[in-house]
Amino acid sequence: MAKAQVKYTCSACAASFTKWSGRCDSCGDWNTIVEEKPLSTSGPAKKTLGGMRGKQVPLSDLSTKEAPPPRTQCGMGELDRVLGGGLVPASAILVGGDPGIGKSTLMLQAAARFATAGLKTIYVSGEESSAQVRMRAQRLGLGDAPVQLAAETNLRDILTTLETEAPDLVVIDSIQTMWADNVESAPGSVSQVRAAAHEIVTFAKSRNVAVIIVGHVTKDGQLAGPRVVEHMVDTVLYFEGERGHHFRLLRAVKNRFGPAQEIGVFEMTGDGLSEVTNPSALFLSERDKPTAGSVVFAGIEGTRPVLVEFQALVAPSPNAQARRTVVGWDGGRLSMILAVLESRCGIPFAGLDVYLNVAGGMKVSEPAADLAVAAALLSAREDTAIPKDCVVFGELSLSGGLRPVNQTENRLKEAQKLGFSSAIAPSRSKAGDGTGMQIRYMDDLVGFVGEVFGA
Ligand code: TYD
Ligand code: MG
């Protein structure tokens with residue numbers, strides 16, 4: 001018999017290689033590549049779904065005869081919106097996040113809400129005993145919720161339970177603790193996580209059960225991360241937060257049933273996670289007087305406008321090579337903006353250390369923030385504060401021109417709601433005229449520098 005080939009797989013991003021190396025070429029993480037044993041063929045044969053095998057139905061039949069499946073809302077608006085407007089029946093959802101960030105807390109709260117909304121719900125914990133989960137539920141004030149608990153890690157037992165109980169929703173907490181007995185490697189390894197997730201998802205789809213899979217983001221390569229499972233599910237949510245901050249973001253990075261990049265904001269309190277329905281107020285809470293280097297960006301996260309504060313610090317560098325440190329934004333994009341400022345406006349940053357931070361631990365990925373970043377850098381460098389009641393947005397091109405951005409009106413309305421009265425925006429985005437804000441339209445960065453900083 002030919003020798004089964006050993007594969008090497010990155011436990012963070014699931015890329016596979018023919019030989020081991022210290023660093024993954026695909027995601028760049030160190031020490032994440034592990035040996036993956038070939039799947040064993042021993043173990044009981046799988047049951048096939050007899051009558052369902054290869055069955056076809058005309059597309060036209062589906063579109064005319066079956067209404068779109070009704071979604072179930074859990075009542076936590078932040079979660080429902082991130083899911084795309086509620087839970088789609090028989091959908092598979094992955095919730096990833098660092099250990100201790102609050103995934104189990106959120107999922108227990110969600111399970112209780114969905115159960116109360118009428119879904120038969122089972123919460124399977126592979127990390128805590130049923131008594132511990134019940135204790136947590138009591139502490140969260142959910143002791144009476146009609147949720148079934150199971151403390152179980154053996155996949156076969158879980159699937160048997162699901163088969164007999166026929167729930168509408170099952171939460172698997174966490175996929176790294178699940179164990180399929182026909183795969184030889186240890187729980188948490190890439191092969192186990194992949195096999196377990198695949199079995200759970202296919203089983204759930206065939207039985208019309210919605211499934212939420214919790215996965216820990218891992219750094220050390222011992223455990224497979226949630227990215228290994230991302231392609232198998234319909235919706236991928238990441239639960240994020242900074243240590244030291246009490247609020248948490250639930251971010252949709254993939255959603256077959258709703259907009260991606262949608263965020264839900266929660267606050268971790270003594271009795272669980274509570275919704276933050278006006279995140280802009282939270283991200284701006286610590287501003288009291290105009291400060292050089294601080295600029296408020298009117299952004300859009302998913303479908304919702306969110307105001308965030310960019311803070312920049314520019315100081316002479318004691319080192320031969322000046323530092324560029326970014327938190328909450330893209331480092332490459334910062335370099336681009338520094339280069340545009342230097343070559344198009346003649347404002348050099350050589351010999352200066354540059355620090356850029358998005359306040360409150362928020363992460364911004366929109367190019368529409370370019371102008372706000374440039375404004376923060378200039379404001380810090382010139383030691384001139386931007387007026388406190390002013391928001392800034394616009395995308396920069398390499399020529400120094402300003403491009404209009406989408407949803408101008410929504411951005412301005414959110415700013416106005418939070419007490420801002422003026423804005424700096426790209427020309428050609430005149431949609432904001434009706435909002436009552438005082439708007440200064442700019443064509444390019446040179447014009448902006450001249451008007452705002454008088455240079
Ligand atoms: P948990 O949901 O267990 O995290 P995960 O499942 O992502 O590993 O949350 C753990 C943290 O949350 C823990 O540090 C304590 C904190 N916490 C609260 O602050 N309030 C609460 O009501 C609960 C249940 C947890
Ligand atoms: Mg947990």
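Reader: What is the mean pLDDT of the chain?
Author: This is a predicted model, in which local features need pLDDT of at least 70 and side-chain atom pairs count only at pLDDT 80 or more, while totals for chains, interfaces and linings use all residues. Residues are numbered from 1 along each chain as its sequence is written, and chains are lettered from A and ligands numbered from 1 in the order in which they are written. The model scores ipTM 0.96 and pTM 0.80. In terms of pLDDT (the predictor's confidence in each residue, from 0 to 100), 91% of the residues reach 70 or more, and the mean for the chain is 87.

Reader: Which helix gives the largest share of the shell around ligand 1?
Author: There are 15 residues around ligand 1, and Gly102, Lys103, Ser104, Thr105 and Gly272 come nearest, a residue being near if its C-beta atom, placed from the backbone, lies within 6 Å. At least two residues of this shell come from each of helix H3 (103-116) and helix H4 (130-139), where helices (H or I, at least four residues) and strands (E, at least two) are DSSP runs numbered from the N terminus. The largest share, three residues, is supplied by H3.

Reader: How many residues of the shell around ligand 1 are polar?
Author: Ala, Val, Leu, Ile, Met, Phe, Trp, Tyr, Cys and Pro count as nonpolar, Asp, Glu, Lys and Arg as charged, and the others, Gly among them, as polar. In the shell around ligand 1, four residues are nonpolar and four are charged, while the number of polar ones is seven.

Reader: Is H5 roughly parallel or roughly antiparallel to H6?
Author: The axes (lines fitted to C-alpha atoms, for helices over the stretch in contact, with angles from 0 to 180 degrees between N-to-C directions) of helix H5 (residues 155-165) and H6 are 11 Å apart, at an angle of about 10 degrees. Angles under 35 degrees count as roughly parallel, over 145 as roughly antiparallel, 65 to 115 as roughly perpendicular and the rest as oblique. The relation of H5 to H6 is therefore roughly parallel.

Reader: Is the crossing of H8 and H9 left-handed or right-handed?
Author: The axes of helix H8 (residues 331-345) and H9 come within 10 Å and cross at roughly 65 degrees. Leu334, Ile337 and Leu341 of H8 make the contact with Asp370, Val373, Ala374 and Leu377 of H9, residues being in contact if their C-beta atoms, placed from the backbone, lie within 7 Å. A crossing is left-handed if the near helix is turned anticlockwise from the far one by less than a right angle, and right-handed if clockwise. The crossing of H8 and H9 is right-handed.

Reader: Which residues of H11 meet H9?
Author: The axes of H9 (residues 370-382) and H11 (residues 445-453) come within 12 Å and cross at roughly 45 degrees, and the two helices are therefore oblique to each other. From H9, the contact takes in Leu371, Ala374, Leu378 and Glu382, and from H11 Leu445, Phe448, Val449 and Phe453.

Terms used
Two residues are in contact if their C-beta atoms, placed from the backbone, lie within 7 Å.
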